[in-house]
Amino acid sequence: MNELVTEIRHPLVQHKLTLMRSKDTPTDNFRRLLREISQMLAYEVTRDLPIELVKIETPITTIDAPTISGKKLCVISVLRAGNGILDGMLDLLPNARVGHIGLYRDPETLEPVEYYFKVPEDIAERLVIVVDPMLATGNSAAAAITRLKLRGATTIKFVCLLAAPEGIKVMNAAHPDVPVITASIDDHLNEHGYIVPGLGDAGDRLFGTK
Ligand code: URA
């Protein structure tokens, strides 16, 4: 296993992912399951946040109790399917700032084309969590992270639901400083750039557009 990539093998994540993969799972269930898995991905991506002790009074006594310190968070959704992960992330990280990057894949070249970019002004001071359900060719994710670095982001993690080995390779080569957290490393990409076995088009399944 590549040390830049964490695959969450938790049974709850795997079970919910199986339900999401099934072509018979309707939009409302798909959306709910993605939100639930994203909460668990949020738990994993924040695992090493620094802690400091603060003095508090419980009804019984005074203690030095742990609280999160260090950089504030920012979640960047790669449109449009990233919004499905964003909701679950914000359930656990309600104070995080949010940015959006709009990229679509040119169907011929499979290269990313940017059409929207709006991120918090103080992104350089934040831990940036980039979310996109499908790390397929890796081109969009790598391009999004390059743009964020140009805007000043220095501490970045990438969270996806499924990753293809091809996409991981592209991401690791382009951004060896960016850890990848995923619920599954799938088998391969097909000739249309879809992850196999995958779950189809994440955006269409999330928003019911097909
Ligand atoms: N994007 C998707 O939505 N699905 C894939 O399998 C690959 C990219």
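This is a predicted model: local features need pLDDT of at least 70, side-chain atom pairs count only at pLDDT 80 or more; totals for chains, interfaces and linings use all residues.
The ligand sits in the largest pocket. The residues around the ligand are Arg-105, Met-134, Ala-136, Gly-193, Tyr-194, Ile-195, Gly-200, Asp-201 and Ala-202. Sorted by class, this shell holds five nonpolar residues, two polar residues and two charged residues. Arg-105 and Asp-201 are the charged members, because Asp, Glu, Lys and Arg count as charged.

At Ile-195, a backbone N or O atom lies 2.8 Å from an oxygen atom of the ligand. At Gly-200, a backbone N or O atom lies 2.8 Å from a nitrogen atom of the ligand. At Ala-202, a polar backbone atom is 2.8 Å from a ligand oxygen atom. On its own, the ligand has 240 Å² of accessible area, and the protein covers 89% of that area.

Two peptide bonds deserve mention. Most peptide bonds are trans. The bond that joins Val-196 and Pro-197 is cis, with omega at about 5°. Pro-197 is placed in the loop between strand 12 (195-196) and helix 6 (202-207). A cis peptide bond also joins Leu-79 and Arg-80, and here omega is about -5°. Arg-80 belongs to the loop between strand 4 (72-79) and helix 3 (82-92).

Helix 6 contains Gly-203 and Arg-205. Gly-203 has a relative accessible area of 6% and is therefore buried. The C-alpha atoms of Gly-203 and Val-5 are 24 Å apart, and the two residues are separated by 198 residues in sequence. Arg-205 has 16% relative accessibility, so Arg-205 also counts as buried; the cut-off for this class is under 20%.

Thr-25 itself is in the loop between helix 1 (11-21) and helix 2 (27-45). Its relative accessibility is 16%, so Thr-25 counts as buried. The side chain of Thr-25 has a polar atom 2.5 Å from the backbone oxygen of Leu-19.

Leu-161 is part of strand 9 (residues 155-163). With a relative accessibility of 1%, Leu-161 counts as buried. Leu-161 and Leu-33 are 128 residues apart along the chain, and their C-alpha atoms are separated by 11 Å.

Pro-94 occupies the loop between helix 3 and strand 5 (97-105). The relative accessibility of Pro-94 is 61%, so Pro-94 counts as exposed; exposed means over 50%. From Pro-94 to Leu-73 the sequence separation is 21 residues, and the C-alpha atoms are 9.9 Å apart.

Conventions. Residues are numbered from 1 along each chain as its sequence is written. Side-chain values use heavy atoms; hydrogens and water are left out. A residue is near a molecule or strand if one of its heavy atoms lies within 4 Å of it. A polar contact is a pair of N or O atoms within 3.5 Å; within protein, one must be able to donate a hydrogen and the other to accept it, and residues adjacent in sequence count only if both atoms are side-chain atoms. Accessible areas come from the Shrake-Rupley method with a 1.4 Å probe; for residues, only the protein chains shown count as cover. On a 1 Å grid over the protein atoms alone, a cavity is a set of points where a 1.4 Å probe fits but cannot get out, and a pocket is an open set with protein on both sides within 12 Å along at least five of seven lines; lining residues have an atom within 4 Å of a point. A molecule sits in a cavity or pocket if more than half of its atoms lie within 2 Å of its grid points. Helices (H or I, at least four residues) and strands (E, at least two) are DSSP runs, numbered from the N terminus. Buried means under 20% relative accessible area, exposed over 50%, partly exposed in between (1.4 Å probe, protein chains only).
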